[in-house]
Amino acid sequence: MTSATTMTTALEPVHRERLMRLAREVAFDAGTRLFEEGHRADRFWIVRTGTVALDLHVPGRRPAVIETLGHGELIGWSWHFPPHLWHLGAEAMSPVRAWEFDAEAVRATCVADAEFGRAIAVWVGRVVAQRLHASRVRLLDLYAPYGSGSLA
């Protein structure tokens, strides 16, 4: 998948390289919950292989899947904004290999290098905007009387 929110598209090579110096490889089995809505957001991931579903808690119902992420996509943006609590949940839909980042270390690097910090902030901001749009569309599909496809 290539979009404005993938790391390789959103970050200049110098910023990607700096970020990747903070990465560690991790793997998740299918069905593993990466995080839960409302819990502390102290890390984030970039998908190498596999898929991860982002979901929203809906009282009395199963979580609503908002979006499915794949190769190169950022998993988690809540680590970037106080109070650093997850706004969604996430679950591995297949076996996942990813790069994991300690949020505190990345935030400290952003403070130490303003140009890097701005690049990360713009990237995360684009991700937030895209995820909010996806959430809106999905919720309209689930709960609007006529779905989100009609313009009339």
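How many cavities of 30 Å³ or more does a search of the whole structure find? I ran this one before anything else. The search finds one. I keep in mind that the model is predicted.

**Cavity**

I looked up the volume next. The largest cavity comes to about 60 Å³. Then I listed the lining. Phe35, Leu54, Gly76, Trp77, Ser78, Trp86, His87, Leu88 and Arg131 line this cavity. I sorted those residues by type: five are nonpolar, three are polar and one is charged.

**Sheet**

I turned to the strands. Which order do the four strands of the open sheet take? I read β2-β7-β4-β5, with antiparallel pairing. The edges are β2 (33–35) and β5 (64–69), and each of these pairs on one side only.

Strand β4 spans residues 52–56 and strand β7 residues 89–92, and the two pair in the antiparallel sense over four bridges.

**Salt bridges**

How many salt bridges does a search of the whole structure find? I get eleven. As a reminder to myself, side chains of opposite charge can pair when their charged atoms come close.

I started with Arg33. Arg33 forms a salt bridge with Asp55, and the closest N and O atoms are 2.6 Å apart. Asp55 sits in strand β4 and Arg33 in strand β2, so this pair ties together parts that are 22 residues apart in sequence. Is Asp55 buried or exposed? Asp55 counts as buried, because its relative accessibility is 7% and the cut-off for buried is under 20%.

Arg33 has another entry. Glu36 forms a salt bridge with Arg33, with the closest N and O atoms 2.8 Å apart. Glu36 is partly exposed at a relative accessible area of 32%. Arg33 is partly exposed at 29%.

I then moved to Asp42 and Arg40. They form a salt bridge, and their closest N and O atoms are 3.2 Å apart. Asp42 is partly exposed, with a relative accessible area of 22%. Arg40 is exposed, at 58%.

How values were computed
Residues numbered from 1 in each chain as written. Predicted model: local features only at pLDDT ≥ 70, side-chain atom pairs only at ≥ 80, totals over all residues. Heavy atoms only, no water. Pairing = 2+ DSSP bridges. 1 Å grid on protein atoms, 1.4 Å probe; cavity = no way out; pocket = protein on both sides within 12 Å on 5 of 7 lines; lining within 4 Å. Points joined across faces, edges and corners; volume = space filled by probe spheres on them. Nonpolar A, V, L, I, M, F, W, Y, C, P; charged D, E, K, R; others polar. Salt bridge = Lys/Arg side-chain N within 4 Å of Asp/Glu carboxyl O. Buried < 20%, exposed > 50% of the residue type's maximum accessible area, 1.4 Å probe, protein only.
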